[in-house]
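Keep the viewer open as you read.

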Amino acid sequence: MIEIHNRKIAGIPCLLVENKQDENSPVIFFFHGFMSAKEHNLHYAYLLAEKGFNVVLPDAAYHGARSDGADEMVMSTRFWQIVVRSIEEFNAMKQELVAKGYVEENRIGAAGTSMGGITTLGSLKRYDWIHTGVSLMGSPAYVGFAKAQIQHFERNGLKLPMSNEEVDEQLKVLEAYDLSLHPEKLDNRPLLFWHGKADTVVPYEPTYAFFKSIHQLYDKKDNLKFISEETEGHKVTRKGLLETVKWFDLHMQS
């Protein structure tokens with residue numbers, strides 16, 4: 001039986017999707033995208049629960065149950081603040097679940113779409129206890145992607161609500177979460193990428209270039225995979241959904 005519960009974990013509003021037939025199940029944290037919310041990824045959680053996982057779907061700061069009503073323009077200026085906060089909150093939620101005996105620390109996976117994929121990749125940089133990861137339309141290059149976002153703002157005649165010094169300070173903070181600067185942190189852990197080649201929101205090429213660069217670092221080549229879809233933009237296909245479930249089933253249920 002699969003059950004869905006509205007819970008607060010470490011004070012964070014979450015949906016907890018549980019497979020009640022299995023005890024001591026691995027746990028997958030699934031992070032939603034920008035301007036989305038936890039409920040929007042229940043299809044991932046259901047299919048993962050069918051495979052024997054328990055799934056935590058948190059609301060990111062300023063999203064879902066935590067929204068303060070800000071519009072997309074205001075939210076876009078908070079983007080990296082939200083990502084960094086999600087990574088720190090991930091650790092707090094993990095600590096609470098481990099302390100309660102809900103899951104063993106070495107049986108935790110992470111996945112997400114877009115901003116959630118970015119969060120997942122930054123978490124892999126920060127935390128060696130993550131067993132397996134899946135990035136759907138994410139980017140590991142925090143500093144490079146942030147600079148590209150700033151250039152996009154400027155090209156459109158928009159002024160960032162921060163000084164040049166504050167921008168430099170923000171970029172410095174992001175270095176600590178930037179997996180592209182320290183790919184050795186992956187340490188052969190299972191990692192799947194899915195990305196549409198026509199994505200104009202989180203560009204395909206930099207993420208694929210990162211994948212190619214880390215391939216040589218992996219002794220276990222089966223632990224690293226990149227799925228491209230030629231005509232897809234910034235929306236995960238059903239293939240991406242099913243491959244996500246297969247990846248966790250393969251690497252965390254054996």
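**Starting from the hole**

About 70 Å³ of space lies in the largest cavity. A cavity here is a set of points on a 1 Å grid, laid over the protein atoms alone, where a 1.4 Å probe fits but cannot get out. Its volume is the space filled by probe spheres set on those points, with points joined across faces, edges and corners. A search of the whole structure turns up one cavity of 30 Å³ or more.

A quick word on provenance: this is a predicted model, where local features need pLDDT of at least 70, side-chain atom pairs count only at pLDDT 80 or more, and totals for chains, interfaces and linings use all residues. Residues are numbered from 1 along each chain as its sequence is written, and side-chain values use heavy atoms, with hydrogens and water left out.

Which residues line the largest cavity? They are Phe31, His32, Pro58, Asp59, Ala60, Ser86, Glu89, Met93, Met115, Gly116 and Thr119, where lining means having an atom within 4 Å of a point. The elements giving two or more residues to this lining are α3 and α4 (115–126); helices are DSSP runs of H or I with at least four residues, strands are E runs of at least two, and both are numbered from the N terminus. By class, the lining has five nonpolar, four polar and two charged residues. For that tally, Ala, Val, Leu, Ile, Met, Phe, Trp, Tyr, Cys and Pro are nonpolar, Asp, Glu, Lys and Arg are charged, and the others, Gly among them, are polar.

Now for the packing. The largest nonpolar core has 52 residues, and Phe29, Trp80, Phe90 and Phe193 have the most contacts inside it. Helix α3 (residues 79–99) supplies the largest share of this core, nine residues. Apart from it lies another core of 25 residues, including Leu47, Val55, Leu192 and Ile227. A core is a set of buried Ala, Val, Leu, Ile, Met, Phe, Trp, Tyr and Cys residues joined through side-chain atoms within 4.5 Å; buried means under 20% relative accessible area, exposed over 50%, and partly exposed in between (1.4 Å probe, protein chains only). Leaving out residues up to four places away in sequence, Phe90 touches Phe29, Phe31, Ile108, Gly109, Ala110, Ser123, Tyr127, Trp129 and Ile130, a contact being heavy atoms within 4.5 Å.

On to the loops. Ser139 sits between β6 (130–136) and α5 (142–155) and is buried, at 6% relative accessible area. Beyond four places in sequence, Ser139 is in contact with Ile118, Leu121, Phe145, Val202 and Thr207. A polar atom of the Ser139 side chain lies 3.3 Å from the backbone nitrogen of Ala141.

Asn188 is in the loop between α6 (164–175) and β7 (191–196), and counts as buried at 17% relative accessibility. The side chain of Asn188 reaches the backbone nitrogen of Asp219 at 2.8 Å. Asp187 has a positive phi of about 50 degrees although it is not a glycine.

Tyr62, in the loop between β4 (54–58) and α2 (72–77), has a positive phi too, near 70 degrees. At 21% relative accessibility, Tyr62 counts as partly exposed.

Note on methods. On a 1 Å grid over the protein atoms alone, a cavity is a set of points where a 1.4 Å probe fits but cannot get out, and a pocket is an open set with protein on both sides within 12 Å along at least five of seven lines; lining residues have an atom within 4 Å of a point. A polar contact is a pair of N or O atoms within 3.5 Å; within protein, one must be able to donate a hydrogen and the other to accept it, and residues adjacent in sequence count only if both atoms are side-chain atoms.
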